[in-house]
Amino acid sequence: MNSVSPVQSNEREIFMDVLRGFAIFGIFIANLNAFAWYDFVTPVSTGRWLTPRWDTKMLFLHHMFVEGKFYSIFSFLFGWGVSLQIRRLEVKGIKAFSLVKRRLATMLLLGAFHLLLWPGDIVFFYALLGFILLPLFRLTNKQLFIIGIILVLSPILLYGLKMLFPVLTYPSDLLFRTGGMVDEKLNGVTSEESFRNLIHSKSWLDILKGDIAGFFYRYGDLFFISRISKVLGMMMIGVAMGRGNYYKRIAPNKKLLFYIIILGIALGLPANYMLANYMQNSSGAYYKLTTDGLYQTIAYALGVAPLASAYTALFILLFQTAAGKKLLSIFAPVGKMAFSNYILQTLIGNFVFYNAGLGYMEKVGPVYYTLFGIIVFLIQIFASTAWFRYFNYGPLEWLWRSATYKRWQPLIKVK
């Protein structure tokens with residue numbers, strides 16, 4: 001009888017950890033805008049950590065090179081990782097899907113906890129989509145790839161349909177209204193002024209109650225922006241990549257990698273330049289279902305995934321060289337304990353920016369919060385590297401694996 005045990009470190013694709021670590025870095029930089037509440041900063045605001053002219057330029061670069069690209073990579077890696085885990089378990093004669101469902105259920109619980117810390121969580125969301133992803137394993141790799149691309153592009157059609165038939169916004173409208181009712185009941189929020197008073201609260205309990213309402217706003221937004229189809233599409237492409245073992249075929253093919261990089265840049269840069277312009281200058285046109293909002297959706301759909309693919313292909317190409325592998329491998333420890341580092345980023349963001357902590361909310365612009373994000377991530381690289389000298393897993397990864405396999409996993413390394 002085969003015993004069920006997690007994949008050992010020597011079986012792990014180091015490159016996946018490298019790319020996952022890189023994605024976690026980009027996601028943190030993207031999330032810092034929300035942690036800092038920079039969107040609430042008025043154009044005339046001044047302060048030590050606000051540089052209006054350069055902040056505007058930096059935010060444009062974020063929209064162009066960061067927005068959407070890193071969660072796309074992370075979604076791709078999620079699908080790739082699930083497919084590899086299922087394949088390895090099946091080779092061992094283990095009921096793979098039952099185990100993966102238990103893994104997703106544990107992930108769902110951990111994500112629910114994270115939602116109480118920050119409504120921008122992706123763990124709960126990815127676990128939900130993971131349950132949708134599993135039945136799609138019946139499809140062939142070609143079908144997964146084609147449908148995945150269609151789903152990535154589908155927000156264009158969905159946005160156009162919502163312009164023609166506003167009733168299609170009902171799911172997001174319902175969630176927004178529910179969030180408003182919860183906000184009023186729990187927090188007494190009835191206006192923008194009372195909301196601003198809430199977010200400037202010095203009480204962690206008030207922030208917790210605000211995050212409960214924030215869950216409904218968050219998922220209302222996910223429905224409105226068609227994030228479900230985008231993420232699921234990238235996951236499906238990742239499944240095809242892992243199940244077809246395409247990495248081993250693509251990695252040595254430098255000509256193909258150059259094609260992906262060139263095509264990704266040629267298509268991605270102009271589209272993302274348009275996206276950045278619309279995001280920075282359209283004054284909320286996207287949420288008003290306007291023509292400019294449709295153009296922004298088109299720019300996003302045509303620009304984000306290709307540029308994310310170019311980033312990935314570039315990493316694959318560099319990882320084939322001795323110098324590149326040595327340099328990029330610094331990301332691997334962070335990626336190996338990505339969940340722990342992701343939650344730690346939330347704790348740091350909450351403590352530094354909320355008024356219940358250090359209170360830098362609305363006081364830091366994109367230039368300085370980007371620098372802050374780089375410093376935090378460098379610390380995470382050193383801390384993660386040091387952690388794995390003594391431990392087999394990150395702390396949350398250890399809990400996650402132990403719950404999945406229904407027994408405590410060996411956390412401390414035996415020397």
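Which residues of helix α8 (residues 192-199) are buried? The model examined here is predicted, so that local features are taken only at pLDDT of at least 70 and side-chain atom pairs only at pLDDT 80 or more, whereas totals for chains, interfaces and linings use all residues. Residues are numbered from 1 along each chain as its sequence is written, and side-chain values rest on heavy atoms, with hydrogens and water left out.

In α8, Ser-194, Leu-198 and Ile-199 are buried, a term that denotes under 20% relative accessible area, with exposed standing for over 50% and partly exposed for values in between (1.4 Å probe, protein chains only). Helices are DSSP runs of H or I with at least four residues, numbered from the N terminus. Glu-192, Glu-193 and Asn-197 are exposed and are carried by the face of α8 turned away from its buried side. The cover over the buried residues of α8 includes α7 (170-187) and α9, where contact means heavy atoms within 4.5 Å.

Two loop residues show backbone angles of note. Most residues other than glycine have a negative phi. Ser-226, although not a glycine, has a positive phi of about 60°; it is placed in the loop between α9 (204-224) and α10 (227-243) and, at 8% relative accessibility, counts as buried. Asn-245, likewise not a glycine, has a positive phi of about 55° and is found in the loop between α10 and α11 (246-250), where its relative accessibility of 29% makes it count as partly exposed.

Aromatic pairs were also counted. Rings of Phe, Tyr and Trp (its six-membered ring) pair if their centres lie within 6.5 Å, with planes under 30 degrees apart counting as stacked, over 60 as edge-to-face and the rest as tilted. By this rule the model holds 36 aromatic pairs. One of them joins Phe-339 and Trp-400, whose ring centres are 5.6 Å apart and whose planes stand at 70°, so the pair is edge-to-face. Because Phe-339 lies in helix α16 (residues 338-353) and Trp-400 in helix α18 (residues 395-405), this pair ties together parts that are 61 residues apart in sequence. Both Phe-339 and Trp-400 are buried. Elsewhere, ring pairs link Phe-74, Phe-78, Phe-124, Phe-125, Tyr-126, Phe-215, Phe-216 and Tyr-219 into a cluster.
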